[in-house]
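I opened the model to go through its sheets strand by strand. These are my notes, in the order I looked things up.

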Amino acid sequence: MRLLLSVLLAFTCVVPTRGSAQTGDESNLVLTIVGGVVTGHPLWTIDRQPFCLLNSSGSCSGLYDTLRLSRSITSSVAIGAAATYFPWPHVGFHGEISYIGLPMDDACTNVAPYVSDPDQRHQQICENLSGQSSPGGAISLFAGVTLRTATRRAFSPYLRASVGFVSLARSTVEVVGDYVDGTGAKERQMISDQTPRRLTPMFGAAVGFTAPISPGYGFRLEVRDIITSLDRAIGPASDLTVAPIASRAYHHFALMLGLDVVLERKRGRRY
């Protein structure tokens, strides 16, 4: 992120001279379809989570297993649509809506099992959690400023700074596991989220370049840093399934490819 900001500052000092030849057209309004991949990262870990065995009435028996719970954001595919307008040759404004996924993967280990549970319910819950992952579903909406150079050349580098928000499909803290006992399949809340956050702020920076591939169309390659604030469990949950929660900013790096459709352009002089 620091390197990206340093490049951004250096980029603002690069201004083409007036005497340079203008051999191509200059795009003013561009629509872009983008697709790529977004990296993942660990989200939170609880090394020792006491988990009460239930008696026949469904209440806590006073006997506990000890579990290790963790959650990670895994890598995902991203796809979106953007528009960029340049009221000035080197400065423009952009907006984008995109699917960035942010799927979640849980892991559970029974580190201190209580041997008198005949149904091995907590072992079943751990296997259930470790054997499945959430498909994600996060949507980002953001706008910002684009700075570009070599506007009439075949290779035009650019930098972007963005601000917006991400809509999350599910809580990043809540954990629910399944098990089967003598009465059938059941679901058990392990960690609850009393106030799940569905919208989280997003800040972004990107560096890339565009190149024409035919009249009215172009190719785009971009590397992004998507910074979001996510809730995370920072300690064991109580018998009421309530865990201490705190927020933290995370970096999600993305490599994006795009197809530009130029809707408006300024003709260049031919030499």
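Entry 1, the barrel. I traced a closed barrel of 8 strands in the order E1-E4-E5-E7-E8-E11-E12-E13, and the pairing is antiparallel. On average, neighbouring strands of this sheet are turned by 25 degrees against each other, with direction ignored. I note that the model is predicted.

Entry 2, strand E4 and its neighbours. I started with E1, residues 26-38, which pairs with E4 in the antiparallel sense over 10 bridges. In that pairing Thr32 stands opposite Ala82 of E4. I then went to E5, residues 91-101, which pairs with E4 over 7 bridges, again antiparallel. Here Thr84 stands opposite His94 of E5. The link from E4 to E5 is a hairpin through 5 residues.

Which residues of E4 make up its covered face? I listed Ser76, Ala78, Gly80, Ala82 and Thr84 for the covered face of this strand, residues 76-85. The uncovered face holds Val77, Ile79, Ala81, Ala83 and Tyr85.

I located Ser162 in strand E8, residues 156-167. Is Ser162 buried or exposed? Its relative accessible area is 13%, which is under the 20% cut-off, so Ser162 counts as buried. The side chains of Ser162 and His94 are joined by a polar contact of 2.8 Å. Leaving out residues up to four places away in sequence, Ser162 touches His94, Phe142, Ala143, Gly144, Met202, Phe203 and Gly204.

I checked the pairing of E11, residues 199-214, with E12, residues 217-233: antiparallel, over 12 bridges. Phe209 stands opposite Leu221 in E12.

I found an open sheet of 3 strands, ordered E2-E3-E6, with antiparallel pairing. Its edge strands are E2 (41-54) and E6 (104-112), each of which pairs on one side only. Neighbouring strands of this sheet are turned by 25 degrees against each other on average, direction ignored. I followed E3, residues 60-73, to E6 and found 8 bridges between these antiparallel strands. Arg71 has Asp106 in E6 as its bridge partner.

What lies across E2, E3 and E6? I found helix H2, residues 121-130, there, running at about 155 degrees to E6.

Notes. Residues numbered from 1 in each chain as written. Predicted model: local features only at pLDDT ≥ 70, side-chain atom pairs only at ≥ 80, totals over all residues. Heavy atoms only, no water. Pairing = 2+ DSSP bridges. Helix = DSSP H or I, 4+ residues; strand = E, 2+ residues; numbered from the N terminus. Axes fitted to C-alpha atoms, helices over the stretch in contact; angles between N-to-C directions. Buried < 20%, exposed > 50% of the residue type's maximum accessible area, 1.4 Å probe, protein only. Polar contact = N/O pair within 3.5 Å; in protein donor to acceptor, adjacent residues only side chain to side chain. Contact = heavy atoms within 4.5 Å.
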